[in-house]
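Q: Can we walk through this model together? I'd like the fold, then the charges, then the rings.

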Amino acid sequence: MPDKEYVCAYKYCLHHGEKVKASESVVIKKKHYHWDCAATKQEIEELRRTYFERIDKDASFPILSKILNDLVFKYDLEIDYIRYALNYYAEYKVKVKSPFSLLYLRNNDYMRKRWKYSKGGDA
């Protein structure tokens with residue numbers, strides 16, 4: 001009997017709509033995902049949770065979600081870099097006026113140098 005196939009439920013599917021076999025899929029709330037799509041989805045949810053818990057609990061959920069997705073998928077920023085920046089902002093109490101301020105991470109050479117240095121690379 002052939003393995004049933006599903007369309008990945010992730011809006012930003014990393015496989016461009018390629019179907020996923022039931023035996024290879026990750027099921028979250030009865031929806032099927034590629035394993036890497038599910039991991040990316042979970043990591044972005046973690047970034048969102050960090051922002052709400054440590055930076056601004058009153059931020060707009062849809063706006064924050066859109067900005068985080070844009071940073072990852074439109075501007076190709078690494079999730080680890082965004083995570084580092086959010087934790088840095090929270091730890092050092094850097095004032096983040098709105099989720100739109102996160103768009104400055106694209107060109108923030110200082111933050112990128114700190115992130116690379118924290119990973120053990122040259123600053």
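A: Start with one term: buried means under 20% relative accessible area, exposed means over 50%, and partly exposed is in between (1.4 Å probe, protein chains only). This is a predicted model: local features need pLDDT of at least 70, side-chain atom pairs count only at pLDDT 80 or more, and totals for chains, interfaces and linings use all residues. Residues are numbered from 1 along each chain as its sequence is written, and side-chain values use heavy atoms, with hydrogens and water left out.

Q: Fine. Is Val72 buried or exposed?
A: Val72 is buried, at a relative accessible area of 10%.

Q: Which helix is Val72 in?
A: Helix 2, residues 61-74. Helices (H or I, at least four residues) and strands (E, at least two) are DSSP runs, numbered from the N terminus.

Q: What does Val72 touch?
A: Leaving out residues up to four places away in sequence, Val72 touches Ile44, Leu77, Ile79 and Ile82. Contact means heavy atoms within 4.5 Å.

Q: How far apart are Val72 and Ile44?
A: In sequence, 28 residues. In space, 8.7 Å from C-alpha to C-alpha.

Q: Zoom out. How many helices and strands does the chain have?
A: Four helices and four strands. From the N terminus on, the order is β-β-β-β-α-α-α-α.

Q: And what does the C-alpha trace span?
A: About 55 × 35 × 20 Å along its principal axes. The chain has 123 residues, and 37% of them count as buried. Take the contacts between residues at least 6 apart in sequence: 54% of these join residues at least 24 apart.

Q: Charges next. How many salt bridges are there in the whole structure?
A: Seven. A salt bridge is a side-chain nitrogen of Lys or Arg within 4 Å of a carboxyl oxygen of Asp or Glu.

Q: Which residue does Lys41 bridge to?
A: Glu45, with the closest N and O atoms 2.8 Å apart. Lys41 and Glu45 are four residues apart in helix 1, so about one helical turn separates them. Glu45 is partly exposed, at 24% relative accessible area.

Q: What about Glu46?
A: Glu46 forms a salt bridge with Arg83, closest N and O atoms 3.0 Å apart. This pair links distant parts of the chain: Glu46 is in helix 1, Arg83 is in helix 3, and they are 37 residues apart. Glu46 is partly exposed, with a relative accessible area of 30%.

Q: Which residues form a network of salt bridges?
A: Glu43, Glu46, Asp80 and Arg83 are linked that way.

Q: And Lys57 with Asp58: buried or exposed?
A: Both are exposed. Their side chains meet in a salt bridge at 3.6 Å, N to O.

Q: Which side chain of opposite charge is nearest to Asp36?
A: Lys41, 14 Å away. Asp36 is buried yet has no salt bridge. For charge, Lys and Arg count as positive and Asp and Glu as negative; His and the chain ends are not counted.

Q: So what does Asp36 touch?
A: Leu14 and His15, not counting residues up to four places away in sequence. The side chains of Asp36 and His15 are joined by a polar contact of 2.8 Å. A polar contact is a pair of N or O atoms within 3.5 Å; within protein, one must be able to donate a hydrogen and the other to accept it, and residues adjacent in sequence count only if both atoms are side-chain atoms. Asp36 sits in helix 1, residues 35-55.

Q: Now the rings. How many aromatic pairs are there?
A: Nine aromatic pairs. One of them is Phe52 with Phe61, stacked, 6.2 Å centre to centre with 5° between the planes. Rings of Phe, Tyr and Trp (its six-membered ring) pair if their centres lie within 6.5 Å; planes under 30 degrees apart count as stacked, over 60 as edge-to-face and the rest as tilted.

Q: Which tyrosines cluster?
A: Tyr84, Tyr88, Tyr89 and Tyr92, linked by ring pairs.

Q: Which ring does Arg112 lie over?
A: The face of Tyr81, 4.3 Å from the ring centre. Lys119 lies over the face of Trp115, at 4.0 Å. The rule: NZ of Lys or CZ of Arg within 6 Å of the ring centre and within 35 degrees of the ring normal.

Q: Last one. What is phi of Lys30?
A: Near 65°, a positive value in a residue other than glycine. Lys30 lies in the loop between strand 3 (26-28) and strand 4 (31-33).
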